Amino acid sequence: MSDQSITNILVVGIGGQGVMTATEILAEAAIALGHDAKKTEVAGMAQRGGVVSSHLRFGPKVLSPQIMAGTADLLVGFESAETLRWCHYLKPGALVLMNTARLVPPVVDLGLYDYPDDPLAEIRARGFEVHAFDAMAIALELGDVRLGNTVMLGAMADHLPFPPGVLLDSILKRFSARKPHMVEVNRKAFEAGRAADQAAAHNKATEAA
Amino acid sequence: MAAVMPQFVPHPASSRLLLSGNEAVARAVWESGCKVAAAYPGTPSTEMLEVISTYPDIYSEWSVNEKVSLEVAIGAAFAGSRSFCCMKHVGMNVASDALMTLTLTGVIGGLVIAIADDVGLSSSQNEQDSRYWGRFAHVPLFEPADSQEAYAMTKLAFDFSEKFQVPVILRLTTRINHVKCLVTVGTREPHLGAGFQKEPARWVMTPAGAGKRIPLMFERDKTLRAEAEISPLNTIDNGSDKRVGFVASGPAWMHVRESFPNAPVLKLGFSCPVPLEKVRAFAATVEKLVVVEEVEPLVEAELKAAGIECLGKDILPRQGELAPNVLKPAIAKLLGEPVPVGLTAPAQVFPRPPTMCVACPHLGVYYTLAQIKNLTISGDIGCYTLGAGHPWNALDTTISMGASMGIALGLDKGRGESDKDKRILAVIGDSTFLHMGMQGLLDIVYNGGNVTVLLLDNRAVGMTGGQSNPGTGRNIHGQEAPRVNFAKLVESLGVKQERIHVVDPYQLPVLFKTIREEIKIPEVSVIITDQPCVLIDDYKKQKPYEVLEDKCTGCGNCVDVGCPAIHVTRREKAIKPSGKEVELQFVKIETSVCTGCSLCVQPCAPDAIVHADLTKPMRLVRH
């Protein structure tokens with residue numbers, strides 16, 4: 001379908017979660033390694049709380065910035081139902097990293113729609129491999145719910161076509177420039193995300209056995 | 001932006017930077033030695049001027065509307081300086097009055113107008129195609145396909161504008177404005193303005209003067225078409241698979257290259273006027289010619305009129321983006337090949353429309369409006385357009401910037417039999433009022449309309465990210481600026497002093513009483529709410545609230561506020577003493593995001609909402 005030399009990563013969640021920032025950091029890491037990269041969003045109105053899906057494509061030369069359905073190499077979901085919403089963008093059998101936290105929109109609270117009972121099971125039933133963990137709880141344990149996007153980046157670190165250190169450098173560089181006091185806690189969040197991903201992969205393997 | 005933005009030292013020349021289309025255009029505007037840049041915020045164009053405002057040696061301003069922004073740019077160009085103005089697609093509808101005569105005078109200093117089309121309607125009320133303006137106004141139009149091209153074409157556009165003394169339109173789309181890719185940047189080259197030279201026959205467009213300029217415009221059309229024929233912006237990729245050749249522009253060209261790597265493609269970067277002879281020669285080299293353009297079939301129609309056989313909107317959609325998932329099946333079908341099908345269908349998941357923010361002052365307004373019956377509510381463009389949604393359903397019309405005023409007057413004067421006792425109310429924000437609402441209010445006053453106007457002053461252009469306007473008391477740099485006094489302004493437009501109220505939208509009983517009283521009075525009233533947008537620095541957070549579980553009776557009054565921090569944890573059916581069945585909704589507050597506005601506390605009958613005990617560890621609300 002799409003060019004084999006291009007890596008397609010889809011990062012999804014809701015407005016205000018740091019989805020676009022996380023994808024930008026990922027793009028910067030790819031560029032640091034000499035890749036061409038394009039990043040694009042479908043973000044709806046410039047308001048909080050709506051659906052956000054951020055496409056990142058990198059490789060020797062990227063043309064269209066958009067990932068076609070059925071061609072993503074990796075799906076990173078910052079919210080449970082949002083991960084389910086976009087999983088048809090993946091290649092068959094591809095990997096999903098999923099924050100199991102549920103952010104319930106007003107339309108569900110008002111009783112107009114139901115929140116899916118078990119998004120994780122639905123994604124797995126489609127044949128995708130899922131590493132699921134509660135990134136919000138990890139971020140809160142570290143003292144700030146906004147660390148969630150660094151936790152998610154940490155979870156991605158072992159699934160990229162480059163060493164984890166490149167991504168970590170890209171994160172820390174950003175924080176050293178803008179919020180130096182946040183560098184250490186972000187390093188911790190990154191490692192916590194990596195550990196959560198590894199634990200989730202292990203749990204999955206154990207379940208299978 | 002609300003905060004004072006730091007002036008930064010721009011990245012050095014030859015840096016390769018990850019830039020959005022908006023950032024790339026801003027960099028190019030600065031490098032081109034542009035002296036004046038003006039705009040009114042509008043998605044997806046807003047960041048162009050935001051970024052320009054951070055560069056040194058360039059005057060930038062948020063104008064009150066797009067027409068004024070273009071006029072400011074025209075003045076600077078008449079003075080011989082380079083100038084820039086940008087807007088979203090609908091902005092040019094407002095600015096076009098100036099554009100259509102500007103084309104007759106032309107310019108001295110280079111003038112570039114960037115128009116951002118919201119192809120796919122991510123944040124707009126329509127999906128019009130700004131390439132029409134190139135044809136309508138007889139001006140050249142460039143279409144970049146990504147950030148690097150947006151950067152390069154902006155610089156070329158300034159040179160071109162000066163050389164041919166004509167404003168140049170740069171047509172962007174959301175898929176350029178908001179896409180980030182690598183851009184190699186250069187350095188600023190200062191440009192000295194020649195100064196304004198008096199020349200009434202050129203700058204004063206009387207009928208006689210304008211009549212003499214029209215033939216010059218037609219002569220210029222010929223020159224521009226000849227330029228397009230030889231322009232390096234129009235390139236041909238020969239390709240090996242001659243079954244289908246493409247003529248494409250903008251992001252659609254990227255999608256064509258992605259989808260059909262072996263196909264011959266003529267890329268139109270300088271797309272108006274269309275280089276007809278170049279296309280004709282290209283068409284002769286391919287079996288079938290397909291025009292891929294977003295949104296309207298403009299190039300297609302012009303090719304067909306010139307006798308060049310082609311396909312376009314007969315096989316491609318006339319709405320939305322022409323991404324690979326649209327192009328591939330359409331071309332497969334054309335070639336009689338099997339149509340690729342999606343691998344898996346998308347999962348069924350609830351919609352997640354944008355919501356008003358936690359503690360937004362508009363929540364108080366819409367909660368109140370939803371309680372009042374017998375209203376027709378004429379709405380406007382801004383965050384408060386969301387009042388049309390759940391749970392309020394308290395906005396009945398939205399058309400264009402400032403239209404709430406005129407439409408309210410029309411609803412009043414054009415009452416049908418069934419509207420005889422209806423109260424007409426208009427809702428408009430501070431920035432939209434200053435953009436184009438003032439004139440409408442003056443019209444209501446002058447013509448004796450019976451309309452109650454709710455002017456929601458939240459001291460920001462909220463929907464686009466909290467930019468400043470003449471009502472915020474700050475300029476584009478966040479520095480102090482003269483601030484409009486809305487109460488005095490509407491009084492001077494003729495609203496009676498006793499019909500003007502300034503209320504706190506967090507004081508629900510006062511707001512309710514004021515609206516109820518004013519809608520009964522058969523003349524124009526203006527109710528101004530005066531609390532800031534929660535996303536700007538003026539907003540001060542208060543102590544958050546929580547729900548005492550054992551005290552919540554499930555009445556659901558707080559749910560009707562529509563604050564996204566309130567979650568229903570449990571529903572139960574109950575029979576009232578009257579025998580009526582009701583659904584109880586027990587709630588929790590997401591204390592970690594609550595900022596203590598108290599809107600939900602006021603309608604809570606059992607006093608179950610109290611300040612949160614922050615000594616306890618914060619818990620996430622789960623379902």
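Two residues are in contact if their C-beta atoms, placed from the backbone, lie within 7 Å. Helices (H or I, at least four residues) and strands (E, at least two) are DSSP runs, numbered from the N terminus. Axes are lines fitted to C-alpha atoms, for helices over the stretch in contact, and angles run from 0 to 180 degrees between N-to-C directions.

This is a predicted model, in which local features need pLDDT of at least 70 and side-chain atom pairs count only at pLDDT 80 or more, while totals for chains, interfaces and linings use all residues. Residues are numbered from 1 along each chain as its sequence is written, and chains are lettered from A and ligands numbered from 1 in the order in which they are written.

**Sheet of chain B**

Helix 14 (residues 361–371) of chain B lies across strand 14, strand 16 (452–456) and strand 18 of chain B. Helix 16 (residues 430–446) of chain B also packs on the sheet, where it touches strand 15 (423–429) and strand 16 of chain B.

| Helix of chain B | Strand of chain B | Angle |
|---|---|---|
| Helix 14 | Strand 16 | about 155° |
| Helix 16 | Strand 15 | about 135° |

The sheet is open, with five strands of chain B in the order 14-15-16-18-17 and parallel pairing; two strands pair if DSSP finds at least two bridges between them. Strand 17 of chain B is joined to strand 18 (residues 525–529) of chain B by four bridges, and the two run parallel. B:His501 has B:Ile527 in strand 18 of chain B as its bridge partner.

**Domains of chain B**

An automatic or database domain assignment divides chain B into domain 1 (16–230), domain 2 (234–334), domain 3 (361–529) and domain 4 (545–611). Between domain 1 and domain 3 of chain B, the C-alpha centres lie 33 Å apart. Contacts link 14 residues of domain 1 of chain B with 15 residues of domain 3 of chain B. On the domain 1 side, strand 3 (59–62) and helix 4 (89–105) of chain B are the elements that give two or more residues. Strand 3 of chain B gives the most, with three residues.

**Chain A**

Chain A has eight helices and six strands, in the sequence pattern β-α-β-β-β-α-β-α-α-β-α-α-α-α. Along its principal axes, the C-alpha trace of chain A spans about 45 × 45 × 45 Å.
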